Amino acid sequence: MRLLLLLFWISLFAGSCSDKKKIPNGVLPPEKMQAVLTDILIADALNSERIVKDSTLKWPNENASGFLKVFQLHHTTKNEFNRSYNFYLKRPDLFKVITDSVSSVINRKNLALTTFTDTIKNKFNGNNFKKVTR
(Lines give C-alpha, C1' and ligand atoms only; values in the text may rest on other atoms or scores of the structure.)
Protein backbone atom coordinates (compact mmCIF):
# COMPACT_ATOMS: atom_id res chain seq x y z
CA MET A 1 0.00 0.00 0.00
CA ARG A 2 2.82 2.39 0.88
CA LEU A 3 4.57 1.62 -2.37
CA LEU A 4 1.40 2.35 -4.32
CA LEU A 5 0.91 5.64 -2.47
CA LEU A 6 4.56 6.57 -3.05
CA LEU A 7 4.26 5.83 -6.78
CA PHE A 8 1.09 7.94 -6.94
CA TRP A 9 2.82 10.95 -5.34
CA ILE A 10 5.91 10.58 -7.53
CA SER A 11 3.83 10.46 -10.69
CA LEU A 12 1.76 13.44 -9.52
CA PHE A 13 4.91 15.42 -8.73
CA ALA A 14 6.52 14.49 -12.06
CA GLY A 15 3.37 15.50 -13.95
CA SER A 16 3.22 18.86 -12.21
CA CYS A 17 6.85 19.58 -13.03
CA SER A 18 6.41 18.99 -16.75
CA ASP A 19 7.22 21.76 -19.17
CA LYS A 20 4.37 24.26 -18.90
CA LYS A 21 5.41 26.00 -22.14
CA LYS A 22 5.08 22.83 -24.20
CA ILE A 23 2.74 23.37 -27.13
CA PRO A 24 0.42 20.45 -27.94
CA ASN A 25 0.28 18.86 -31.38
CA GLY A 26 -1.99 20.69 -33.80
CA VAL A 27 -1.30 24.08 -32.21
CA LEU A 28 0.80 26.65 -34.03
CA PRO A 29 4.08 27.50 -32.31
CA PRO A 30 4.23 31.03 -30.84
CA GLU A 31 6.39 32.47 -33.65
CA LYS A 32 4.08 31.19 -36.38
CA MET A 33 0.98 32.22 -34.42
CA GLN A 34 2.42 35.72 -34.11
CA ALA A 35 3.05 35.92 -37.86
CA VAL A 36 -0.42 34.61 -38.76
CA LEU A 37 -2.16 36.88 -36.25
CA THR A 38 -0.23 39.90 -37.53
CA ASP A 39 -1.28 39.20 -41.11
CA ILE A 40 -4.88 38.50 -40.04
CA LEU A 41 -5.08 41.90 -38.34
CA ILE A 42 -3.54 43.67 -41.33
CA ALA A 43 -5.92 41.87 -43.73
CA ASP A 44 -8.87 42.82 -41.52
CA ALA A 45 -7.83 46.48 -41.52
CA LEU A 46 -7.32 46.53 -45.29
CA ASN A 47 -10.67 44.84 -45.90
CA SER A 48 -12.43 47.27 -43.57
CA GLU A 49 -10.94 50.19 -45.48
CA ARG A 50 -11.92 48.69 -48.84
CA ILE A 51 -15.48 48.04 -47.67
CA VAL A 52 -15.88 51.63 -46.47
CA LYS A 53 -14.75 52.92 -49.87
CA ASP A 54 -16.80 50.44 -51.94
CA SER A 55 -20.34 49.84 -50.67
CA THR A 56 -20.89 46.92 -53.08
CA LEU A 57 -18.47 44.75 -51.10
CA LYS A 58 -19.87 42.64 -48.29
CA TRP A 59 -17.94 42.50 -45.02
CA PRO A 60 -18.16 38.77 -44.17
CA ASN A 61 -17.26 37.66 -47.69
CA GLU A 62 -14.31 40.02 -48.03
CA ASN A 63 -12.88 39.18 -44.61
CA ALA A 64 -13.28 35.44 -45.18
CA SER A 65 -11.44 35.59 -48.49
CA GLY A 66 -8.69 37.74 -46.95
CA PHE A 67 -8.27 35.35 -44.04
CA LEU A 68 -8.12 32.34 -46.34
CA LYS A 69 -5.33 34.03 -48.29
CA VAL A 70 -3.42 34.56 -45.03
CA PHE A 71 -3.88 30.89 -44.09
CA GLN A 72 -2.61 29.83 -47.51
CA LEU A 73 0.37 32.16 -47.19
CA HIS A 74 1.33 30.59 -43.85
CA HIS A 75 0.48 27.00 -44.87
CA THR A 76 -2.14 26.56 -42.17
CA THR A 77 -5.90 26.07 -41.98
CA LYS A 78 -8.78 27.91 -40.37
CA ASN A 79 -9.31 25.01 -37.95
CA GLU A 80 -5.65 24.92 -36.95
CA PHE A 81 -5.68 28.68 -36.38
CA ASN A 82 -8.88 28.50 -34.31
CA ARG A 83 -7.51 25.61 -32.23
CA SER A 84 -4.29 27.54 -31.66
CA TYR A 85 -6.12 30.77 -30.85
CA ASN A 86 -8.30 29.01 -28.27
CA PHE A 87 -5.25 27.31 -26.74
CA TYR A 88 -3.41 30.62 -26.36
CA LEU A 89 -6.51 32.31 -24.93
CA LYS A 90 -6.40 29.72 -22.13
CA ARG A 91 -2.69 30.47 -21.60
CA PRO A 92 -2.50 34.23 -21.00
CA ASP A 93 1.21 34.01 -20.16
CA LEU A 94 1.97 32.79 -23.70
CA PHE A 95 -0.73 34.87 -25.39
CA LYS A 96 0.63 38.12 -23.89
CA VAL A 97 4.03 37.47 -25.46
CA ILE A 98 2.38 36.82 -28.84
CA THR A 99 0.15 39.90 -28.71
CA ASP A 100 3.05 42.10 -27.58
CA SER A 101 5.05 40.86 -30.58
CA VAL A 102 2.11 41.47 -32.92
CA SER A 103 1.71 44.99 -31.55
CA SER A 104 5.39 45.77 -31.96
CA VAL A 105 5.50 44.44 -35.55
CA ILE A 106 2.43 46.45 -36.54
CA ASN A 107 3.83 49.59 -34.87
CA ARG A 108 7.14 49.16 -36.75
CA LYS A 109 5.31 48.70 -40.06
CA ASN A 110 3.15 51.73 -39.35
CA LEU A 111 6.20 53.83 -38.47
CA ALA A 112 8.00 52.71 -41.62
CA LEU A 113 4.96 53.51 -43.73
CA THR A 114 4.42 56.98 -42.24
CA THR A 115 8.13 57.77 -42.50
CA PHE A 116 8.15 56.71 -46.15
CA THR A 117 5.08 58.77 -47.05
CA ASP A 118 6.45 61.82 -45.23
CA THR A 119 9.65 61.74 -47.27
CA ILE A 120 7.85 61.75 -50.61
CA LYS A 121 5.55 64.65 -49.84
CA ASN A 122 6.50 67.98 -51.28
CA LYS A 123 7.54 70.21 -48.47
CA PHE A 124 6.95 73.90 -48.86
CA ASN A 125 10.23 75.75 -48.96
CA GLY A 126 9.20 78.92 -50.74
CA ASN A 127 10.90 77.94 -53.99
CA ASN A 128 8.48 75.37 -55.30
CA PHE A 129 5.98 77.86 -56.69
CA LYS A 130 6.36 79.26 -60.20
CA LYS A 131 6.89 82.94 -60.36
CA VAL A 132 4.04 84.75 -62.00
CA THR A 133 5.12 87.37 -64.48
CA ARG A 134 2.77 89.69 -66.28
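This is a friendly dialogue on how to read a predicted protein model.

Q: What should I know about the model before I start?
A: The model is predicted, so local features need pLDDT of at least 70 and side-chain atom pairs count only at pLDDT 80 or more, while totals for chains, interfaces and linings use all residues. Residues are numbered from 1 along each chain as its sequence is written, and side-chain values use heavy atoms, with hydrogens and water left out.

Q: How many helices and strands does the protein chain have?
A: Helices (H or I, at least four residues) and strands (E, at least two) are DSSP runs, numbered from the N terminus. Here the protein chain has five helices and zero strands, which gives the pattern α-α-α-α-α when read along the sequence.

Q: What share of the residues counts as buried?
A: Buried means under 20% relative accessible area, exposed means over 50%, and partly exposed is in between (1.4 Å probe, protein chains only). In this protein chain of 134 residues, 22% count as buried. Met 33, found in helix H2, is buried at 0% relative accessibility. Ser 103 lies in helix H5 (residues 92–120) and is partly exposed, at 37%.

Q: Which residues is Met 33 in contact with, leaving aside its neighbours within four places in sequence?
A: Contact means heavy atoms within 4.5 Å. By that rule, Met 33 is in contact with Leu 28, Phe 81, Ser 84, Tyr 85, Tyr 88 and Ile 98. Take Phe 81: in sequence, Met 33 and Phe 81 are 48 residues apart, yet their C-alpha atoms are 7.8 Å apart in space. Across the protein chain, among contacts between residues at least 6 apart in sequence, 70% join residues at least 24 apart.

Q: How many aromatic pairs are there, and how do I read one?
A: A pair of aromatic rings is described by the distance of the centres and the angle of the planes. Rings of Phe, Tyr and Trp (its six-membered ring) pair if their centres lie within 6.5 Å; planes under 30 degrees apart count as stacked, over 60 as edge-to-face and the rest as tilted. The structure holds four aromatic pairs. One of them, Phe 81 with Tyr 85, is stacked, at 5.9 Å centre to centre and 25° between the planes.

Q: Why are Phe 81 and Tyr 85 separated by about one helical turn?
A: Because they are four residues apart in helix H4 (residues 78–90). Phe 81 is buried at 8%, while Tyr 85 is partly exposed at 30%. Tyr 85 also pairs with Phe 95: the ring centres are 5.6 Å apart and the planes are at 85°, so this pair is edge-to-face. Since Tyr 85 lies in helix H4 and Phe 95 in helix H5, the pair ties together parts that are ten residues apart in sequence. Phe 95 is buried, at 15%. Ring pairs link Phe 71, Phe 81, Tyr 85 and Phe 95 into a cluster.

Q: Which residues line the largest pocket?
A: Rolling a probe the size of a water molecule over the atoms shows where empty space is left. On a 1 Å grid over the protein atoms alone, a pocket is an open set of points where a 1.4 Å probe fits, with protein on both sides within 12 Å along at least five of seven lines; lining residues have an atom within 4 Å of a point. Here the lining is Leu 41, Ile 42, Ala 45, Leu 46, Ile 106, Lys 109, Asn 110 and Leu 113. Helix H2 (30–53) and H5 are the elements that give two or more residues to this lining.
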